[in-house]
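I opened my notebook to look up a few things in this structure, one topic at a time.

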Amino acid sequence: MIDSGFETKSLRMELLLLVTLQAPASDVDRIMEAVVAIAPLTTGKYDSNAYQSAHGIERYRALEGAAAGAETELLRRHGTVEVSFELPDDQALAARIVEAIFQVHSYQEPVIRIQPILASRSKGLDDRSNPNRWWNTTGDWKKTAPPVREDA
């Protein structure tokens, strides 16, 4: 059982909560705006940190009492994604986040999971010379200089 974090030379492993939810892709911006209004989802020098999966297919059948009424056939909803983000290990904060998600989600029964995890947090060491960092590679964020014309 995970009950505490630990440190290495470069980072800390902190006990956090992993919140994972499923939603139609069209709901995600509205959901994440509600979440970030409560918790900025800060990791180091970045905020609004979350992960969104590629579109998938959700399978379900509405039963008696469902808002849409009972269905006889299994339904498949295309364009459903999974979103995950980390929160401090704070049950009161998690409760506020879950309620906010419920209020803006389009489902009668949103799929929301919370798990305790150990997550890495950089100690912010100077690693500007590390050849593996994105700022030292030819990542798509870099602007390439226009070619030099030799006939000019």
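Which residues of helix 2 are buried? I am working with a predicted model, and in it I found Leu 93, Ala 94, Ile 97, Ala 100 and Ile 101 to be the buried residues of helix 2. They cover an arc of only 125° around the axis, which puts them on the same side of helix 2. On the other side of this helix I noted Gln 91, Ala 92, Arg 96 and Gln 103 as exposed. The buried residues of helix 2 pack against strand 2, helix 1, strand 5 and strand 6.

I then looked up the N-terminal end of helix 2, which Asp 90 caps, with a side-chain oxygen 3.0 Å from the backbone nitrogen of Ala 92.

Next I turned to helix 1, residues 28-38, where Val 28, Ile 31, Met 32, Ala 34 and Val 35 are buried. Seen down the helix axis, these buried residues fall within an arc of 155°, so they line one face of helix 1. Asp 29, Glu 33 and Ala 37 are exposed on the other side of helix 1. I wrote down that the buried residues of helix 1 pack against strands 2, 3 and 5 and against helix 2.

My last entry is on Glu 58, which has its place in strand 4, residues 56-60. Glu 58 is buried yet has no salt bridge, and the nearest side chain of opposite charge, that of Arg 77, is 4.1 Å away, whereas a salt bridge has to be within 4 Å. What I did find is a polar contact of 2.5 Å between the side chains of Glu 58 and Tyr 107.

Key. Residues numbered from 1 in each chain as written. Predicted model: local features only at pLDDT ≥ 70, side-chain atom pairs only at ≥ 80, totals over all residues. Heavy atoms only, no water. Helix = DSSP H or I, 4+ residues; strand = E, 2+ residues; numbered from the N terminus. Buried < 20%, exposed > 50% of the residue type's maximum accessible area, 1.4 Å probe, protein only. Lys, Arg positive; Asp, Glu negative; His and termini not counted. Polar contact = N/O pair within 3.5 Å; in protein donor to acceptor, adjacent residues only side chain to side chain. Arc of directions from axis to C-beta. Contact = heavy atoms within 4.5 Å.
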